[in-house]
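Here is a short report on one protein chain. Have the sequence and the model open side by side as you read.

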Amino acid sequence: MEDTVTAILERPMTTETPDAEEPRKGPRTEFEELLRTTEELDTPDGYKAELIRGKIVVSPWSRPFYKRHMRSLRLQLAPHVPEGHDADTSPFLFSFPTSERAYGPDLHVADLKAFVGDARHVDGAALSLVAELTSVSTRDVDWQEKLEVYGRHVPVYLVLDMRTEEITAFWDPSDHGYLARMTVPFGKPLPIPAPFGFELETTDFVDEPEEDQEETGE
């Protein structure tokens, strides 16, 4: 078990799609079966399962030092969410049937009416905003795969690139992806477009210099 967990930490772990020798089913039926498997997968504590590129990918939830960024985002977004929506960082799986994908974003803003019944996933159509904080194992997926899918379904997508220390807002989704974007470095304000319409402060995303921390400690 220890070796398996180590492998997941270093890179996402994938499961295979149905055997090619079996009679091939329709795309929607195959997606629904993979989605059900994703929902029922018994992942270790602290890990999430997503459906990416036709495969189930298991990766760790956000690292502890991302907490400050996620909390700041949630608290700033909360007063500006559309009526009936809620900003949260709790782990939920959102499905996008037409794209045959299912993701568990680091932060989401979604219509509370979608969180009913006994289903294990939420319809991605309920989302008004998603945010992803990049890591070594997820950076390419956040910038490519998820950008493409969110860009057809979700009004606003925020990418916090933890390597470059920049935040990018994408908006105005279309069949060809987002039509608008803006990037600022951590520490600079970022306008969040409709349906939110406010300026996000990102000073909390900047690590405090060590000398300042020592002075504070004194």
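## Overall build

Of the chain's 218 residues, 42% count as buried. The model is predicted. Its secondary structure comes to 5 helices and 14 strands.

Take the contacts between residues at least 6 apart in sequence: 53% of them join residues at least 24 apart. The chain exposes about 12300 Å². Carbon and sulfur atoms supply 48% of that area.

## Helix H3 and its cover

Helix H3 spans residues 67-77. Its buried residues are His69, Met70, Ser72, Leu73, Gln76 and Leu77. Seen down the axis of H3, these residues fall within an arc of 165°, so they line one face of the helix.

Lys146 is found in helix H4, which runs over residues 139-153. Is Lys146 buried or exposed? Its relative accessibility is 2%, under the 20% cut-off, so Lys146 counts as buried. Leaving aside neighbours within four places in sequence, Lys146 is in contact with Glu50, Tyr103, Glu132, Val141, Gly151 and Tyr157.

Val154 sits in the loop between H4 and S10. It counts as buried because its relative accessibility is 0%. Val154 touches Phe96, Leu127, Ser128, Leu129, Val130, Pro173 and Tyr178, not counting residues up to four places away in sequence. One of these, Leu129, is 25 residues away along the chain. The C-alpha atoms of Val154 and Leu129 are separated by 6.2 Å.

## The largest pocket

Rolling a probe the size of a water molecule over the atoms shows where empty space is left. Here the largest pocket has a volume of about 360 Å³. It is lined by 20 residues. Which of them lie nearest its centre? They are Pro91, Phe92, Leu93, Arg120 and His121.

The lining divides into 12 nonpolar, 5 polar and 3 charged residues. The largest share, 3 residues, comes from S2.

Arg36 is found in helix H2. With 42% relative accessibility, Arg36 counts as partly exposed. Arg36 and Ala119 are 83 residues apart along the chain. Their C-alpha atoms are separated by 9.9 Å.

Thr37 is also found in H2. Its relative accessibility is 39%, so Thr37 counts as partly exposed. Thr37 and Leu51 are 14 residues apart in sequence. In space they are 9.6 Å apart, C-alpha to C-alpha.

## Backbone exceptions

Most residues other than glycine have a negative phi, and most peptide bonds are trans.

Where is the cis peptide bond? It joins Ala194 and Pro195, with omega about 10°. Pro195 has its place in the loop between strand S13 (190-192) and S14.

Glu100 is not a glycine, yet its phi is positive, near 55°. Glu100 lies in the loop between strand S5 (94-96) and strand S6 (101-103). Its relative accessibility is 31%, so Glu100 counts as partly exposed. Asp172 has a positive phi too, about 65°, and is not a glycine either. Asp172 has its place in the loop between strand S11 (166-171) and strand S12 (180-185). At a relative accessible area of 41%, Asp172 is partly exposed.

Terms used: Residues are numbered from 1 along each chain as its sequence is written. This is a predicted model: local features need pLDDT of at least 70, side-chain atom pairs count only at pLDDT 80 or more; totals for chains, interfaces and linings use all residues. Side-chain values use heavy atoms; hydrogens and water are left out. Buried means under 20% relative accessible area, exposed over 50%, partly exposed in between (1.4 Å probe, protein chains only). Helices (H or I, at least four residues) and strands (E, at least two) are DSSP runs, numbered from the N terminus. The arc is that of the directions from the helix axis to the C-beta atoms. Contact means heavy atoms within 4.5 Å. On a 1 Å grid over the protein atoms alone, a cavity is a set of points where a 1.4 Å probe fits but cannot get out, and a pocket is an open set with protein on both sides within 12 Å along at least five of seven lines; lining residues have an atom within 4 Å of a point. Grid points are joined across faces, edges and corners, and a volume is the space filled by probe spheres set on the points. Ala, Val, Leu, Ile, Met, Phe, Trp, Tyr, Cys and Pro count as nonpolar, Asp, Glu, Lys and Arg as charged, and the others, Gly among them, as polar. Accessible areas come from the Shrake-Rupley method with a 1.4 Å probe; for residues, only the protein chains shown count as cover.
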